[in-house]
Amino acid sequence: MRTTSDRIRQAVGFEVGGLAITAPLFAWLFDHPLGDVSAVVIIGATTATLWNYVYNLVFDQLLHRATGRLRKTLPIRVLHAILFETTLLLLLLPLFAWWLGITLLEAFLTDIAFAAFYVVYTFGFTWVYDILFPVDRTAAAIGRQ
C-alpha cells in the first residue's frame, strides 16, 4: 500500500497538472472569463483533491481485498478512471451550475467535457505516477521504517 505522504504527493501533483491545463483551455472553449473558470476549477480541484485521496485509498483497499494485489491491469485502470470521474461529476454538478450561472443541463454538458478530459488525464497521470513511484518501492520504504 502507498504511504500517506505518497498519496498526498499523488493527489497534489494530479490537481496541479490538471489546473494548469483546464483553466485556460475551458475559459477559451466555453467563452467564459478566465477568472470565473479559474475560481470554479480551483474549488472543484480542492474538492477533487480531497476526493482523490479518499477514492484511491478505498479503491486500493477494495482491489487488494478482491485480488490480493495492488497491480492495476488495463481494464482495472479504465474502471478506476471512469468511476473516479463519475463520482466526482455527481459531487460537482450543482457547484458548476451555480458558479457559472447556467442551467443544470448546461452544467452537466460542461461537466461531461471536464470529465472526458479528466478520464484521459487520470488514466495517463496514474500510469506515469505508478511508473515513477512504483508501489513496490513505496512498500519497501515502509518496511525500512
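Start by selecting asparagine 52: at 5% relative accessibility this residue counts as buried, because buried means under 20% relative accessible area, exposed over 50% and partly exposed in between, with a 1.4 Å probe and protein chains only. Before moving on, note that this is a predicted model, in which local features need pLDDT of at least 70, side-chain atom pairs count only at pLDDT 80 or more, and totals for chains, interfaces and linings use all residues. Residues are numbered from 1 along each chain as its sequence is written, and side-chain values use heavy atoms, with hydrogens and water left out.

**Stop 1**

Helices here are DSSP runs of H or I with at least four residues, strands are runs of E with at least two, and both are numbered from the N terminus. Now show the contacts, meaning heavy atoms within 4.5 Å. Setting aside residues up to four places away in sequence, asparagine 52 touches Ala11, Phe14, Glu15 and Phe84.

Next, select asparagine 56. Helix H2 holds this residue too. Is asparagine 56 buried or exposed? Its relative accessible area is 7%, so asparagine 56 is buried. Its contacts, again not counting residues up to four places away in sequence, are Arg7, Gln10 and His80. Draw a distance from asparagine 56 to alanine 11. The two are 45 residues apart along the chain, and their C-alpha atoms are separated by 9.2 Å.

**Stop 2: the whole chain**

Zoom out. The chain has five helices and zero strands. Read along the sequence, the pattern is α-α-α-α-α. The C-alpha trace spans about 50 × 25 × 20 Å along its principal axes. Colour by accessibility: of the 145 residues, 38% count as buried. Among contacts with a separation of 6 or more, 71% come from residues 24 or more positions apart.

**Stop 3: helices H3 and H4**

Select residues 74-100, helix H3, and residues 104-132, helix H4. Two packed helices are described by the angle between their axes and the distance between the axes. For H3 and H4, the angle is about 145° and the axes are 8 Å apart. Axes are lines fitted to C-alpha atoms, for helices over the stretch in contact, and angles run from 0 to 180 degrees between N-to-C directions. The contact of H3 with H4 divides into 21 nonpolar, four polar and four charged residues. In these classes, Ala, Val, Leu, Ile, Met, Phe, Trp, Tyr, Cys and Pro are nonpolar, Asp, Glu, Lys and Arg are charged, and the others, Gly among them, are polar.

Pick threonine 122 in helix H4. With a relative accessible area of 2%, threonine 122 is buried. Which residues is threonine 122 in contact with, leaving aside its neighbours within four places in sequence? They are Phe14, His80, Ala81, Phe84 and Glu85. Leucine 34 lies 88 residues from threonine 122 along the chain, with 23 Å between the C-alpha atoms.

Move to tryptophan 98 in helix H3. At 62% relative accessibility, tryptophan 98 counts as exposed. Valine 40 is 58 residues from tryptophan 98 in sequence and 9.8 Å away in space, C-alpha to C-alpha.

**Stop 4: cavities and pocket**

Switch to a void display. On a 1 Å grid over the protein atoms alone, a cavity is a set of points where a 1.4 Å probe fits but cannot get out; a pocket is an open set with protein on both sides within 12 Å along at least five of seven lines; lining residues have an atom within 4 Å of a point. Points are joined across faces, edges and corners, and a volume is the space filled by probe spheres set on the points.

The count is four cavities of 30 Å³ or more. The largest cavity holds about 190 Å³. Of its 18 lining residues, select Leu88, Leu92, Phe96, Phe114 and Tyr118, which lie nearest its centre. Helices H1 (4-29), H2, H3 and H4 each give two or more residues to this lining. By class, the lining has 13 nonpolar, two polar and three charged residues.

Finish at the largest pocket, with about 170 Å³ of space. Select its lining: Arg2, Leu70, Arg71, Lys72, Arg77, Asp130, Pro134, Val135 and Asp136. This lining has three nonpolar, no polar and six charged residues.
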